[in-house]
Amino acid sequence: MRFKCIYSIALLVVVSNLSAHCEFQTLAHLKPQANDKTQGRAVVELLRRLLGNRSREFIVSVNRTLSNDNLEVCELRSAKNNKIIATGSTGVAVASGIYNYLKYFCNCHVSWSGNQLNIPRPLPQLTGVLRISTQHIFRYYQNVCTQSYSTLWWDWPRWQREIDWMALNGINLPLAFTGQEALWQEVYLSLGLNQTEIDHFFTGPAFLAWNRMGNLFQWGGPLPQSWHVKQLYLQFKILDRMRSFGMLPVLPAFSGIVPQGIVRLFPKANVTKLAPWSHFNCSYSCAYTLDPRDPLFHSIGSLFLSQLVKQFGTDHIYNTDTFNEMTPTSSDPTYLSSVSRAVFDTMTSVDPRAIWLMQGWLFVFDTAFWKPAQIQALLHGVPIGRMIVLDLFAESTPAFSLTKSFYGQPFIWCMLHNFGGNSGLFGTVESINSGPFDALAFPNSTLVGLGLAPEGIEQNPVVYELMSELAWRKEPVNLAKWVSLYAVRRYGSTHENLTAAWRLLFGSVYNCTVPHYKNHNKSPLVHRPSLHKTTEVWYQRANLYEAWRLLYQAAWPLMAQETFRYDLVDVTREVLQLLTTDYYHEIRDAFQAQKLPELLTAGGVLVYDLLPELERLLSSDGHFLLGTWLEQARSLALDEAEARLYDMNARNQITLWGPEGNILDYASKEWGGLMEDYYSQRWSLFVNTLVECLERGRPFRQDAFNQAVFQVEKGFVFNKRKYPSKPQGDTYDIVSRIFLKYYPQALERLK
């Protein structure tokens with residue numbers, strides 16, 4: 001069915017309110033390296049990959065003089081022969097402008113979980129000029145953890161799709177951290193470290209994010225030499241493609257974390273051994289950090305940055321974080337200011353035009369240490385305008401309002417949204433719809449951009465589409481109207497059930513208003529069982545169940561559409577996750593009341609029906625497969641030894657997260673294969689243990705259970721089983737069976 005756009009794009013013309021940007025002439029040199037022709041060609045090639053022959057219906061050009069204030073703009077108009085002319089100030093602006101046209105005039109959609117590109121023929125006409133612009137210099141993307149939780153095993157085709165997605169969604173400031181260990185190895189060897197010392201420093205691939213931040217070393221290693229070669233190859237292609245669109249890739253800089261071998265080589269250096277991180281001991285934690293005021297810091301930092309710029313070029317923006325989840329040795333403001341000054345001086349000794357991009361996570365992570373005096377001292381160690389702070393968790397715990405807009409330093413309002421790459425429906429749509437505009441209106445605001453900073457991606461695509469679009473709007477959207485149009489373009493259907501379902505989801509599971517809430521999937525399903533699990537949710541469960549019914553009843557004609565199949569699986573998965581909590585309550589209550597028949601009934605349904613159904617559901621869709629994750633990991637190996645190492649890294653991160661379950665289930669995933677051989681096995685052992693306790697009149701001992709279940713968890717990591725990387729079973733049949741069986745139960749449990 002064809003449908004005309006019923007939405008007038010109030011997108012987006014912004015010419016005023018630029019006072020914050022004008023103050024920062026220090027940022028004026030941050031411009032795309034690629035010339036206009038190169039950027040235009042990059043967009044043409046993107047459209048060819050995305051639209052095939054239909055891409056010829058777009059006439060693309062880049063003209064940087066279209067913008068005279070560093071704020072990107074795109075203008076679209078209809079031409080003869082039913083073509084669309086798109087001209088923008090950068091490649092990113094053109095790609096973003098065309099995607100807005102595809103969304104709001106063609107009802108099309110591009111996402112991690114599939115595309116819907118049923119483009120009308122001919123292309124819908126534009127009346128006059130559609131001008132799309134942004135009031136934000138920067139649209140930032142990624143989190144230092146995304147490199148480990150999501151992009152870890154990617155090959156070039158997957159990176160290419162992601163960079164295309166970035167361009168379409170207006171991203172112009174992405175992190176580009178791939179391949180840096182190869183350069184660090186060269187630096188350390190040149191300083192005199194031996195290969196053994198370096199191998200004991202780097203973690204395995206799945207834990208490099210925390211190695212780079214000084215939290216962890218050696219665990220999951222050693223890092224094979226082939227890893228360095230492949231990652232360097234990727235980084236060159238990543239940077240070339242990002243820059244071709246006019247993006248400004250953010251490169252890493254030195255934070256002061258060094259291998260232990262530095263102490264051997266430079267015994268007089270001011271090196272401090274840090275306290276353990278998280279639940280690790282000093283076997284894999286307690287990293288060595290070099291005081292930024294020590295001359296050796298400048299030597300190592302400038303050596304690395306020189307090598308980095310030589311190999312990768314530079315766009316003059318560098319990220320490093322000196323105290324990520326680690327407490328400084330002194331709270332003296334003079335000390336803190338000298339630290340940031342030394343870090344920045346090291347950058348500018350190599351690149352005099354350097355801008356330091358710093359995560360502001362430390363200020364909300366450790367509020368006991370970071371008081372106003374300490375925050376201001378650290379920030380003011382760098383000249384005003386030469387540091388950009390990422391207000392990393394601004395949708396939940398904004399720091400700009402507590403720091404007088406970071407005491408004058410420019411900042412980017414970021415949505416963190418996801419921790420650990422967890423599965424689970426979640427959003428704070430009211431907060432992200434208003435927060436960026438509140439930040440812009442804040443007294444003496446130094447806001448220069450918006451950002452997406454999830455620890456893990458490839459989940460909840462609706463939240464990221466909304467947040468990306470807000471960077472190109474001048475006021476908050478009508479959420480009910482916005483999500484109704486989202487449903488139409490995501491599925492290519494105007495079926496009333498779809499818009500009704502999404503309105504229910506946006507008013508419930510996607511609208512968490514609990515202050516400072518962190519989106520860690522707290523469901524008992526994905527956590528080690530105990531009698532004291534957290535079970536509260538932030539929304540009315542009835543809304544989720546009704547949305548499920550609406551989607552299911554509209555499902556049959558839409559099952560060929562990848563985006564719909566994904567959402568049907570994801571919503572059904574969320575329902576079964578909630579029902580798992582109900583059965584957990586029944587299991588716990590029956591045990592505490594010493595009612596064995598009730599315990600056997602509830603435990604039996606959970607272990608022998610609900611969880612196997614969830615396994616079958618997840619296994620029916622390619623986006624929810626453990627086998628894909630493991631296959632990608634093993635594909636990077638040169639030999640069987642490397643394959644085993646990568647396999648262990650991939651399995652350990654999403655389960656034990658450390659040798660002893662140190663950060664157990666932090667990066668939980670609800671995937672086919674993982675449900676059957678990890679989560680279900682734990683729940684089976686838990687139920688059997690409780691039954692045995694009642695039968696023998698013994699109390700349940702959590703410590704004894706933890707020891708037993710650890711063997712199950714560890715057994716999964718090393719079971720060597722090959723899991724399917726292709727979907728199995730018919731999703732519609734599986735969902736139908738689950739719906740007919742569990743929907744009546746779900747409603748009954750609401751009473």
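This is a predicted model: local features need pLDDT of at least 70, side-chain atom pairs count only at pLDDT 80 or more; totals for chains, interfaces and linings use all residues.
Local features need pLDDT of at least 70 and side-chain atom pairs count only at pLDDT 80 or more, while totals for chains, interfaces and linings use all residues. Residues are numbered from 1 along each chain as its sequence is written, and side-chain values use heavy atoms, with hydrogens and water left out.

Strand E2 (73-78) is a handy place to start. Strands here are DSSP E runs of at least two residues, helices are H or I runs of at least four, and both are numbered from the N terminus; two strands count as paired if DSSP finds at least two bridges between them. E2 runs antiparallel to strand E3 (residues 84-88), with 5 bridges joining them, and Leu-76 sits opposite Ala-86 in E3. The E2-E3 hairpin has 5 residues between the strands, and Asn-81 takes a positive phi near 65 degrees there. E2 is also antiparallel to strand E6 (residues 130-133), this time through 4 bridges, with Glu-75 facing Arg-131 in E6.

On to charges. With a salt bridge taken as a side-chain nitrogen of Lys or Arg within 4 Å of a carboxyl oxygen of Asp or Glu, the count comes to 39. One of them pairs Arg-64 with Asp-36, the closest N and O atoms being 2.7 Å apart. Arg-64 belongs to the loop between strands E1 (58-62) and E2, and Asp-36 to helix H2 (residues 36-51), so this pair ties together parts 28 residues apart in sequence. Arg-64 is partly exposed at 35% relative accessible area (buried is under 20%, exposed over 50%, partly exposed in between; 1.4 Å probe, protein chains only).

Other bridges involve buried residues. Glu-57 and Arg-54 meet at 2.4 Å, N to O, with Glu-57 buried at 16% and Arg-54 at 11%. Arg-573 and Glu-574 form another, at 2.7 Å; Arg-573 is buried at 0% and Glu-574 at 2%. Shared partners also join Lys-103, Glu-465, Glu-469, Arg-473 and Arg-489 into one salt-bridge network.

As for the annotated domain, an unreviewed UniProt entry places "Alpha-N-acetylglucosaminidase C-terminal" at residues 482-741; positions follow the numbering used here, feature names are shortened, and annotations may be inferred rather than shown by experiment. That stretch is 63% helix and 0% strand, and its end C-alpha atoms are 33 Å apart.

Helix H22 (residues 596-619) has 24 residues and spans 33 Å from first C-alpha to last, close to the expected 34 Å (1.5 Å times one less than the number of residues). Even so, H22 bends by about 35 degrees at Leu-606, the angle being taken between axes fitted to the seven residues ending there and the seven starting there.
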